Amino acid sequence: MRTRVLQITVLGAGLLSLGLRDQRTPPASAVRPMTLRTEYLVDPLSIDTRIPRLSWILDAGTTRGVTQTAYQIEVASTPTNLAAGKADLWDSGQTASSHQNQIEYQGAPLTSRQQAFWKVRVWDQAGGRSDWSKPATWSMGLLDKSDWSAQWIGDPLPSVDIVAATTLRHQFTLVARPLRAVVYATALGAYELHLNGRRVGDHVLAPEFTDYRTRTQYQAYDVTSMLRAGDNAIAALLGDGWYAGGIGLAQSLIHQPRNVYGDHPRFLAQLEITRDAGPGTARRNDRIITDGTWRVTRDGPIRASDILNGETYDARKEMSGWDTAGFDDSHWAAANIAPNVDTALVAQPNEPVRVTQDLTPIALTEPKPGVYVFDLGQNMVGWARLSVRGAAGTTVALTHAEMVDDNGTVYTDNLRGAEQTDRYTLRGPSTTLETFEPHFTYHGFRYVQVMGLPSRPRLTDLVGRQVNSALTEAGTFESSSHLVTQLWQNVRWTERDNMFGIPTDCPQRDERLGWMGDIQVFSGTSMFNSDMGAFFTKWLADVRDAQTPDGRYADFSPQPFRQRLVELKRADFMGVPGWGDAGVVVPWRMWQQYGDVRQLRENYEAAKRWIEFIRSNNPDLLWKNKRGNDYGDWLNTDTVNGSAIPHTGGEVPKPVFATMMFAYATDLVARMAAVLGRDGEARQYGALFGDIKAAFNTAYVKDDGRIEGNTQAGYALALHFDLLPPSKRAAAVAYMLEGIDAYHGHMSTGFHSTYRMMLELSRAGRSDVAYKLINTTTFPSWGYSIENGATTIWERWDGYVKGRGFQDKGMNSFNHYAIGAVAEWMYRVILGINNDDDHPGYEHFVLHPIPGGGLTWAKGSYESIRGRIESSWHTDGGTFVEDVTIPANTSAAVYVPASGAEHVTESGVPASRSNGVRFVRMEGDAAVFTVQSGKYSFVVR
Ligand code: BGC
């Protein structure tokens, strides 16, 4: 059948050119399936989910009203088979469906190492059939423990007194060049892999941060072209990483800054080589594994490396040719083997951390003789690459910081215990240019202070290398307001800087943990900004790993200290309202944004356990007991040091806050159950939600609608989580506005309530007030930080105040995304891009831009899982123009601000008669149209 289809297509084209048509050939469709992905990734090399999910988007050019009515997927074991239409793994056949993502592979069972090559074609609304897509591929990883014969190796000495990185190598001979070679590698620690003198892959700090006691990720690299017949060398650098090096909060929590997971970094690698064994002979498979025949030394150039403190590198100790065949390693030691490593090896499901861009400095100063400060112009994350000439033995120190002091030197107090200093000792001689960049550390910084240089540097001698999870960027935003656009950019950068295999709170001080409260509020924004599907798939496993048996989610995930805390008889850093809830909120958002039902399924039991933990400890349904460290609506304005606003009255009382979070999470669990078809549990948790609401209203809401504490935050959260009876909503909005007046037009909100208040103002028809808040530059506001030079979002409203200086050095990050969740409001209200829970994954969505705040134009886009949504608007004299793009195979409700549909044209004709557009109703100040896929230009006069 498949071969026939292909032939018919070719034949059909020939007949068409003669003016004839083969009856069996459907008309050609101009739609093109593209961006084929497997488990959210383009051509991944190691998938270990046995039923991978496939997705594509459709390019339909400017044609309107394009839908997909069917698809056909072919999966073959070789590219040749695929090209020949021989789908030996799976042929879905023509499948009537509008789905184009989360499509589960249903072919022959997949085995370890299996390569799959696939393509897809689709049928459109007119029955037209597209061409086949370009081919895509994925490979399976090592699915069973028994697939591994490699052994965990390392240096015999622990990484306690000696902190130098380990260098490992092994030489081997191949009789022929391989047909294919894949190396699977990982570490307890962090590694860099080399083959025949070249670096393999560009991963940074692989295998990334997980709870190594439970789960360690391995990476796969195709190294076919790097091997040769004859002698080869495989080698690696092994650093301490999160496994054995410093981890944020370790010192303060368990009084042990390093070696939290272990004190022996280990490396594991398995190089699998397939080669031709000659005519008529079966292919041969060879394996090179880490074992006791490998050689190791601690005497290499990396003298120390620590994620928080930095790297010390002595170039005089470089070993030329260490990663090539023929190097004399006879004075190195034999590798030491760790026999019983107890961790599950899983294929890394997320995009690796890598260098994603380079920044060049905008200024160079010399605040003190011989002390040079480079300004990268942007608070960034990664490290600096320095070019330098000098005598052998000269040591240069690079200290990284976010701010400079009044005297122009770097301000490092807020880094607490993180040194963020790299040291480089020159190889010499001074006639040779040397270049340094570190291997196993990263820093959060805008400024690099360099000391010990032999001579005055040039601006171009240093480059800032941005390092983060290499996520595909999904959102864009621009507007007529410099302030508003800069705010969006600051959020964008803060996200980039904190997505580092886990979503961190901050990238600079001795913390950098996957704080759950922060991502609970920021997850929506993060998904507008970036494609988070693979990233959250990885991190949600960390979240489940960290959950306690009694159902408490951790305050941060991974939770490296749980075991030690239990030993110390401490039960904290677990189970906090607003933090634990990320375990429920993030999977839910994965479903809303990507239609990812599998994430709901994988997280559902854990989410239920969380609810049951709270319920069982709080039988009257008010969350009064067991709130762990109980951070509340963190960093609300009660914590601000300033006289411009009240010092009390910002914080929503903690039991009120906690009960609201309990209600919200229960509501989401009920919704999850409904999506998963667990109707009984959906009803049960739905009823529990109702009961919590009732208890909340009885205990904390007065007859006149005042909520205990009478805070902006309290009203915002109660409205946002739909906790109030309809009769009290208007009062809540009024009190919330009253609260803003009491703060002279400022917010008094904290981490959890800030962006939610913005959304609730707009929902209540008071976007004018939300716009005022976003345009404010007096303190506290986002604008205040921007006027003071911020290029990322500050942790605190008053991180720095002119005349007063820096906030408490004990907690003052300038790169914290939580209050940057306001960008979700920018996408949802300024651009108007909103998902529709009745049609998850943007099958249908709502475009409802609300102009205001003096903006004359705004423009942006969101790369949804179904393709690119664009929204832009501008005012032009008395005319309002709204241009939108609705991706193929989606539709949208488009709101156009107008007093009646008759005032609206689309591409020059009355909108209600325009092709692809249907007028539905007037709603408030907007005419609402349903719009099919395509590009549209609405004009209101
Ligand atoms: C982190 C936060 C986190 C908080 C808990 C801080 O030290 O940086 O962002 O959510 O602790 O309150």
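## Basis of the model

Because the model is predicted, local features are given only where pLDDT is at least 70 and side-chain atom pairs count only at pLDDT 80 or more, whereas totals for chains, interfaces and linings use all residues. Residues are numbered from 1 along each chain as its sequence is written, and side-chain values use heavy atoms, with hydrogens and water left out.

## Nonpolar cores

The largest nonpolar core contains 227 residues, and W825 and F938 are those with the most contacts inside it. A nonpolar core is here a set of buried Ala, Val, Leu, Ile, Met, Phe, Trp, Tyr and Cys residues joined through side-chain atoms within 4.5 Å; buried means under 20% relative accessible area, exposed over 50%, and partly exposed in between, with a 1.4 Å probe and protein chains only. Helix 11, which spans residues 654-675, gives the most to this core, with 14 residues; helices are DSSP runs of H or I with at least four residues, strands are runs of E with at least two, and both are numbered from the N terminus.

Leaving out residues up to four places away in sequence, W825 touches M758, L759, S762, A770, Y771, I774 and I830, where contact means heavy atoms within 4.5 Å. In soluble globular proteins, nonpolar side chains tend to be buried together.

## The ligand site

Around the ligand are D505, R509, E511, W515, D518, W579, Y631, W634, F751, E795 and H816, a residue being counted as near when one of its heavy atoms lies within 4 Å of the molecule. By class, this shell has five nonpolar, one polar and five charged residues; Ala, Val, Leu, Ile, Met, Phe, Trp, Tyr, Cys and Pro count as nonpolar, Asp, Glu, Lys and Arg as charged, and the others, Gly among them, as polar.

Polar contacts are pairs of N or O atoms within 3.5 Å; within protein, one atom must be able to donate a hydrogen and the other to accept it, and residues adjacent in sequence count only if both atoms are side-chain atoms. An N or O atom in the side chain of R509 is 2.6 Å from an oxygen atom of the ligand, and a polar side-chain atom of E511 likewise lies 2.6 Å from a ligand oxygen atom. For D518, the distance from a side-chain N or O atom to an oxygen atom of the ligand is 2.5 Å. Taken alone, the ligand exposes 310 Å², and the protein buries 95% of that, with accessible areas from the Shrake-Rupley method and a 1.4 Å probe, and with only the protein chains shown counting as cover for residues.

W539 is placed in helix 7 (residues 533-546) and counts as buried, at 0% relative accessibility. Not counting residues up to four places away in sequence, W539 touches I502, P503, G514, M516, I519, S557, A582 and V586, and a polar atom of its side chain lies 2.8 Å from the backbone oxygen of S557.

T399 belongs to strand 27 (residues 395-401) and is buried, with a relative accessible area of 16%. The side chains of T399 and T421 are joined by a polar contact of 3.1 Å. R215 is in strand 14 (residues 215-222) and, at 9% relative accessibility, also counts as buried; outside four places in sequence, its contacts include K538, A541, D542 and D545.

## Backbone geometry

Most residues other than glycine have a negative phi, and most peptide bonds are trans. A cis peptide bond joins S557 and P558, with omega about -5°, and P558 lies in the loop between helix 7 and helix 8 (562-567). Another cis peptide bond joins F779 and P780, with omega about 0°, and P780 is found in the loop between helix 16 (767-775) and helix 17 (782-787).

H255, although not a glycine, has a positive phi of about 55°; H255 sits in the loop between helix 4 (250-254) and strand 16 (266-275) and is exposed, with a relative accessible area of 57%. R416, also not a glycine, has a positive phi of about 50°; R416 lies in the loop between strand 29 (410-411) and strand 30 (421-425) and is partly exposed, at 29% relative accessible area.
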